[in-house]
Structure formats: structure tokens, C-alpha cells
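Reader: I would like to learn how to read the features of a model like this one. Please take me through some of them.

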Amino acid sequence: VAHPTSGTISSASFHPQQFQYTLDNNVLTLEQRKFYEENGFLVIKNLVPDADIQRFRNEFEKICRKEVKPLGLTVMRDVTISKSEYAPSEKMITKVQDFQEDKELFRYCTLPEILKYVECFTGPNIMAMHTMLINKPPDSGKKTSRHPLHQDLHYFPFRPSDLIVCAWTAMEHIDRNNGCLVVLPGTHKGSLKPHDYPKWEGGVNKMFHGIQDYEDNNTRVHLVMEKGDTVFFHPLLIHGSGQNKTQGFRKAISCHFASADCHYIDVKGTSQENIEKEVVGIAHKFYGAENSVDLKDIWMFRARLVKGERTNL
């Protein structure tokens, strides 16, 4: 199913030779390829089975209770509860990322049903680059559960961007009430824009950089999704998420994949230099990393081959 549930989207006419963002491997229909080419995202309904979703949920709860402590895992809290005294539970953790050493969660990145579609964007040699399980909390009233509009490529020191794709799977029903994804169709055709922290009165979560100069008149599409639905999207697509207005925690699991034929770049002197300084500073503080570590070194630590043969990355 190519079409989201809100907003006006386009599925223009393409000649196969004009395809830039998808590869011909007989998985995507012609309609799906046209849709992704024009809009930069594609929703596949009911892709991940309920049983797998439940296993990921169980493992996340074990991490919250500190029953398992995967190597390299980053645990994050919302800025409004960062100093709270919750007992170890999902109520104190809003995101875990870099779960490449957690065998149970990392299963998501190797699911055949996920990789089948990832290969349509990256080709057959696939690296899992960045992993997250997001546990968007009920908003405290300060709107800090929002995620500012951004482009994921801002965080990535590897290229080309057209061989990178995110797989993002809803772990329950997600709509505008609990903070669904919002995307700006077609913005994947643009360039990487400068990012920094938005000036929000209630505060902004760590690493939640946002675009500084996007146009307000862009069409926005809110992705209403059911458990197991998965959206695949380009790293230049402008997207974010709204606040969670419910009393529950909205969960999703995701991985950014890249072709193993991608290569690393030096971000010094570019608009990505600010995120490099922040990431390297965090690595130095928490892991005692040497000052000579750069963004490339950190991403090399995270990267895992999940299909095919390793080459550049």
C-alpha cells in the first residue's frame, strides 16, 4: 500500500530510466516506485508480525528494568523527566538507540520482510547503521515530546544519500493524538539544510536538532499507522513528529540502512560540523573516547553488515 492516510500526495508518471531513488528488483510495484520517487517515502501495511513486535516490547521492558545491559546502548530520557525518581520502568526511558549488541532487538534489522524492501533502495549489500526503539512519552504540557522537523542525513557522515533508507515500524496504533510521524512529501529532492536546536520555551531533548529555514507552506502528511505497518523513507525527507497527547507511551522501532558501497565523508567545514562536535563530546564524556575520535569513527562502531558483502563502509 503506497498511500498514507492524510494530505495531498502525488504519483507522477515516470519512465523507468528516470528512476533515481529506487532499484528494479521486482519487489516494488510500478505504482510504489513512482510514489517513492515523487514523495520520498512509502508505507507498507502489516509488514512486521505481531509476535515479533511483542518480543521487541518485552526486550525493551527488560532494558528499562536493567535486567539486560547491551554494550554500547544509549538510553535517553525526555528533558522534563531526566531528573525524576521513577522506579526503573518504561516511564523513565523515552528512547534506546545503538542496540546493535542486543541480539533480540537487532533481530528487527535482519527480518527478511524488512530486508526485502530495504534492498529496493540500497541494493543487495546492506549495512545496518543506526538503530532506535522510540518510546514517546505522554507530554508533560511543555510540548517536549515533539520532534522538530529535520532530515536524518544531518546525522550521517556517509554518502551517497540515495543509497540510504530508514525502516520505521509502528509497534501499536499511531495517529496524531499520540504523535505520529509527519512528513513533507517531495523534500527528499532538495539538499541538506542547516540544523540546530529549535528555540522552544519548554526545552528540547538532547540531539533533537531541527531545520532552521524550511518553508512553512510545504504540504504536511500525517502518517496514521497500525501495529506492524512500516514506512521506508529517504534520509533527505523532511519529517518530525507531534506531541503525545495521550496517557500512554507511543512505541516504534527503526533502523537506518545503507548500501555497503557507500563511503564516509569528512563533515568538517560543512553544516554537519555542529552535530559532529556534539556527538564526539558525548562519546568522550560517557565512554572516555580519545579527542581524536570523529563522527566517522563513531558510525564505524555502530555499523553492522546484515546482507551481502562488506565493501566501503
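Reader: Is α4 mostly covered or mostly uncovered?

Author: First, the ground rules. This is a predicted model, where local features need pLDDT of at least 70 and side-chain atom pairs count only at pLDDT 80 or more, while totals for chains, interfaces and linings use all residues. Residues are numbered from 1 along each chain as its sequence is written, and side-chain values use heavy atoms, with hydrogens and water left out. Buried means under 20% relative accessible area, exposed over 50%, and partly exposed in between, with a 1.4 Å probe and protein chains only. Helices (H or I, at least four residues) and strands (E, at least two) are DSSP runs, numbered from the N terminus. Helix α4 is mostly covered, with eight of its eleven residues buried. Among them are Ile 114, Leu 115, Tyr 117 and Phe 121.

Reader: Which residues have the most contacts inside the largest nonpolar core?

Author: A nonpolar core is a set of buried Ala, Val, Leu, Ile, Met, Phe, Trp, Tyr and Cys residues joined through side-chain atoms within 4.5 Å. The largest one here has 58 residues, and those with the most contacts inside it are Tyr 108, Ile 114, Trp 168, Phe 232 and Phe 257. Helix α4 (residues 112-122) supplies the largest share of this core, six residues. A second, separate core of 22 residues includes Phe 158 and Val 280.

Reader: Where do the buried residues of α2 fall, seen down its axis?

Author: An α-helix has 3.6 residues a turn, so residues three or four places apart point the same way. In α2 the buried residues include Ile 53, Phe 56, Phe 60 and Ile 63. Seen down the axis, the buried residues of α2 fall within an arc of 165° (taken from the directions from the helix axis to the C-beta atoms), so they line one face of the helix. Their cover includes α4, β7 (164-170) and β14 (250-259).

Reader: How is Asp 50 classed by its relative accessibility?

Author: Asp 50 lies in α2 (residues 50-64) and counts as partly exposed because its relative accessibility is 44%.

Reader: In what order do the four strands of the open sheet run?

Author: Strands of a sheet pair through backbone hydrogen bonds, either parallel or antiparallel. Two strands pair if DSSP finds at least two bridges between them. Here the order is β5-β13-β8-β11, with antiparallel pairing. Each of β5 (147-150) and β11 (221-222) stands at an edge with a single partner strand, so one side of each is left without a neighbour in the sheet.

Conventions:
Contact means heavy atoms within 4.5 Å.
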